Amino acid sequence: MTFFKHVMDKMNDTALFRFFQKKVVNKIVIGCVFFLFLFFSLVTSLVPQKYELQVGQKAPIDLRAPRDIENKIETNRLIEKATGAVEPREKVDPMIQIDINKKIEKFFTNAYEVREIEESNNEKKLASLKEKNNINLSDEELTLVLLAPDKQLKGMESYIYEIITRVMSTGIKTEDLEKEKEDITNYFKGLKDFSKEIRLLGSKIVNTSIQANRFLDIERTQQKREEAKNSVEKVILKKGSIIVSEGEIITKEQFQLLKDAGMTKQQGKKDFSLHFGVAILVLIAQGLLILYMYVFHKKLLRSISKLYLIFIIFLCVYLVAKTTYVISPYIAPVVGAAMLVGILLDTRLAIVVNLAMTILLTLSSGNNIGFFITALVGGTVGACSVINTHQRSNIFLSGLIVSFSNMMIIIGLGLINHYELSKIAMDALYGVLNGVFCAILTIGSLPLWESVFQILTPLRLLELSNPNQPVLKKLLVEAPGTYHHCIIVGNLSEPAADAIGANGLLARVSAYYHDIGKLKRPYLFKENQLTSDNPHDKLTASLSAMIITSHVKDGKEIGKQYKLPQEIIDVIEQHHGNTLVKYFYHKAMNEDSFEEIKEEDYRYKGRRPQSKESAIVMLADSVEAAVRSMPEPNNEKIKHLIDKIIGDKLSDGQLDECDITLRDLEKIKISFQTVLMGIFHERIEYPEINTKKVEVKE
């Protein structure tokens, strides 16, 4: 043992150990472990089982799609068919026709100008026209242009424009250009109104000038092909559909589908989208819990032990739920987490925990909407039904309520979806068992959570209020006056706490234990003295004050010895605050002593009340002791005394550190007065009964 203690001491001195003891580091560790656990758990659930497969092998079992998968080979086949059916789109370039018309028009304009020159001979005119020849005519053809009758030439010019417009307006493809030229030649041959030479000239001008002006519209053709491609719907293999039946030979296409689904051990495409999606959803669930605690329970967020409690409950129930989900989704005990968190910490937090767990389990189990609705409603019902649970039997009743809720939801969903009655009945049975299972899980594990994490639940408080608790039993035997005083203080404290919205059960149980420090020296306290002899008459005031005030410190030590919850030990420490022990202070002032009397030496050394429950126990303690010593108490006297005691505590600053208000104090006064009048009520004085026999005269 000495060796292990030495090792632990050495570990405590290391920088690494001190680093991991920091709250911020603990919170980061909890958050990271929580995220990693849920992330890998979800990924494991969603990633399909892998098989050693190859093309041409027989399928060992029915291989089904783990999710909706696109059959890319079939989709591409349909796309190729659709794009192949798209006719190439063509476009006509109008500028080519315009340029040709301008070129021919310019030639004829020059020809007419040259023809009108009178002083020039034909050779000069030919030479001049030849310089402006832009349509590649021969000298003979140019001479014909100069000498042809004006009517014939102009008529031919109009035909040239007409035929060019007719041919080129619809467009000429390159491969059709020669055929068009042949048709144009034949057309001009058929013009009987012109001489043969003029017809040949017109044919030559048109055939020399026309060009291909109809081309493939690559951009529009590609656009049409894209439209055809986009119109093809992807071939999707639905989740659960058989890709390859058992014993069937695996084809290349089927193998590719299996590879895309991640069902082959061969190196395939890593499904990063699945991992990224899981990470996002786990972060959302984790962020939901953190955000709720940050907004509504900052105190809880500062407690490392409470964070560990939530973390462990969440993961334990999550694992059990995933295991039982194989039997039926409706038997997964998600509600157990909500009930445990509701009892141990907070009902609203329990609802948020249930929501986060339900979302994650729904994702990991194939997005079963029936399970999601059932678990969400059942968890909310379970969390709300365990509010202020004071008996373990109430938890079982909460389980039955959850069972009824599950059953009704399952039946309702089954009827909506037209399920078979046998399936509805079986699922409803699982829903009923779920509630019972969650109640058993909660009742069975609750003591473990209470003891390990030191959580003070109403059930634990009721156990501590049992008179058979060792310390209370000892108080009853060794200090009966103090025990009776504690019971009365408890009776005063509980209704007062309930009146102002504090924890009445905590106030009552804390009052039972608030004076256990008197067990060290019971007969030095007035209520335990059986005779009229008072030991303090023989002691100095300072010593008596020290003995009286030490019962607070002694009470803390005894509370720790008996492993009382910290909340009760806090009340023991704070129930006197730093109040002045007035009786012995005044006694010291009246004693003949040369020592300086300091008020601090006659005050309790405890902390002032930090909670409403501590403040109520302090006031109830003082009021009960004062009323008990009051001769012939009545309503007016009790009311006046309560006002005075509470006023003194208020003026002495004993209530400055707790969040109690003046309105709360008025309610506390009324509550104290009601309870005390019930205890010290006026009694009827019964007349004496004459027991002498009365003679009856006949």
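Guide: Leu397 counts as partly exposed because its relative accessibility is 48%; buried means under 20% relative accessible area, exposed over 50%, and partly exposed in between, with a 1.4 Å probe and protein chains only. This is a predicted model, in which local features need pLDDT of at least 70 and side-chain atom pairs count only at pLDDT 80 or more, while totals for chains, interfaces and linings use all residues. Residues are numbered from 1 along each chain as its sequence is written, and side-chain values use heavy atoms, with hydrogens and water left out.

Leu397 is found in helix α19, which spans residues 392–416; helices are DSSP runs of H or I with at least four residues, numbered from the N terminus. Together with Phe396, Leu400, Ile401 and Ile440, Leu397 makes a nonpolar surface patch of about 440 Å². Such a patch is made of residues with over 30% relative accessible area and no salt bridge, their nonpolar side chains (Val, Leu, Ile, Met, Phe, Trp, Tyr) being joined within 5 Å. A salt bridge is a side-chain nitrogen of Lys or Arg within 4 Å of a carboxyl oxygen of Asp or Glu. Accessible areas come from the Shrake-Rupley method with a 1.4 Å probe; for residues, only the protein chains shown count as cover. Helix α19 gives the largest share of the patch, namely four residues.

Lys669, in helix α30 (residues 662–679), counts as buried because its relative accessibility is 18%. Leaving out residues up to four places away in sequence, Lys669 touches Ile642, Asp643 and Ile646, where contact means heavy atoms within 4.5 Å.

Key: Helix = DSSP H or I, 4+ residues; strand = E, 2+ residues; numbered from the N terminus. Patch = residues over 30% accessible without salt bridge, like charges linked within 9 Å, V, L, I, M, F, W, Y side chains within 5 Å.
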